[in-house]
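Reader: I have a structure on my screen and would like to understand the words used to describe it. Could you take me through them?
Author: Gladly; here it is.

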Amino acid sequence: MSGDGLKMMIRERAQAFGFTLCHVTRPEIDQQHIDALQRWSDAGLQGDMQWMAEPVRLERRKNPATMLDGVKSVISLAMIYSPPQYTLAEANSSLSSGVITAYAHGDDYHDVMKKKLKALAAELDLMLGKYDQRVFVDTAPVLEHALAEGAGLGWQGKHTLTIHKQHGSWFLLGEIFTTAEIEPDQRAENHCGSCSACIDICPTQAIIAPYVVDARRCISYLTIEFDGFIPTELRPLMGNRIYGCDDCQLACPWNGHAAKGDGITIDYLMPKGENNLADLASLLLLDEEGFRIRFRKSPIKRTKRRGLLRNVCIAMGNSGAAAFVPGLLNVLNDQESLIRGHAAWALARLCDQERREMVLSALVLQLAQESDPAVMQEMTSAIKDIKEAL
Ligand code: SF4
Ligand code: SF4
């Protein structure tokens, strides 16, 4: 069978498993991406994700051939998901709701994609003969956007995500590494041009230069990966984003025509309405069991309850809605220090004249019982801010 005929068959089977885009490249990263990765790591822009800077993992990212002995080809695959069902303006004005990144509106993509990649790999065994294969979805040290660009699946935009001319960037990437030799596709060309919409819109100015995201400022990192007290100067900039952030994608002109989910036949991630502008008040009421049940199949379980409710407290603090005060007072003695600390911050932001005494006495009482130094600092600052403001 010709190289093209074989690839056509692989593509057809990939589409049957839900991968709209399927391209092939060699297990190599071009020098430009290698240099950019090294500069990013040297500058410490990975934040607390120290594993990303570990020399072994860095080397693996730069050299995909180290991920599988004898690997000859990398099949780069994209699974499209439903874009947000709201505009940026609607998300920003929906103050009683929390914005969750669109890929997390439904089931956990790791589970969904891994199963489908393994099934596709099993079919490749039948198609190609017996070769070694490994499948990856996001968790291994694989430079997936650089591989996708090399495979011609799409180009890496200035916000560092992969863009396809027709489908925009509302998709997730996975890879099959194989020892089979498959004809590679042509590298994708970059079509960002002079556009800077993503850089301009970013609420925290996390895109510090074209193609360079400072993870320490990026809301996706802060709300999902970071497990600590979010720097106070960044909290007001996060608005109501409680799990990830789609702002740079929503602003990207290439997503204009993809906004209604063009080209998507089935969204295998099964988005759920309750995560589409989620109700902040009910999220803050979740206990450990409630969180576990609601997010059992969702990628949101990654933040654990303490991370999500920390983010909810920040969104409430940014809402200007004093109606959230009673709920925040209720979690001021939560078992999780992250929640107690961020609730104190939010209370200081929402406290008006009418609630001043009630909030102050709750904070003072709680501070007297507090033993965590970070929370004590949050509560002390909150008390000071309230006293100075009113
Ligand atoms: S995800 Fe949000 S915070 Fe991160 S770079 Fe994009 S717009 Fe900025
Ligand atoms: S918004 Fe503009 S600069 Fe940013 S990724 Fe899209 S096309 Fe490129």
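Reader: What share of the residues in the chain is buried, and what makes a residue buried?
Author: Buried residues make up 55% of the 390 residues. A residue is buried under 20% relative accessible area, exposed over 50% and partly exposed in between (1.4 Å probe, protein chains only). This is a predicted model, where local features need pLDDT of at least 70, side-chain atom pairs count only at pLDDT 80 or more, and totals for chains, interfaces and linings use all residues. Residues are numbered from 1 along each chain as its sequence is written, chains are lettered from A and ligands numbered from 1 in the order in which they are written, and side-chain values use heavy atoms, leaving out hydrogens and water.

Reader: Why is T25 called buried?
Author: T25 has a relative accessible area of 7%, which is under the 20% limit, so T25 is buried. T25 is found in strand β1, residues 21-25. Strands are DSSP runs of E with at least two residues, and helices are runs of H or I with at least four, both numbered from the N terminus. Beyond its neighbours within four places in sequence, T25 is in contact (heavy atoms within 4.5 Å) with K72, S73, V74, L147, G150, A151 and P184.

Reader: How many aromatic pairs are there in the whole structure?
Author: A search finds 7. Rings of Phe, Tyr and Trp (its six-membered ring) pair if their centres lie within 6.5 Å; planes under 30 degrees apart count as stacked, over 60 as edge-to-face and the rest as tilted.

Reader: Why is the pair of Y81 and Y103 called edge-to-face?
Author: Their centres are 6.4 Å apart and their planes stand at 75°, so the rings pair and count as edge-to-face. Y81 is in the loop between β2 and α4, and Y103 in the loop between β3 and α5, 22 residues apart. Both tyrosines, Y81 and Y103, are buried. Together with Y109 and W170, Y81 and Y103 form one aromatic cluster.

Reader: Are W155 and W254 buried or partly exposed?
Author: W155, at 2%, is buried, whereas W254, at 24% relative accessibility, counts as partly exposed.
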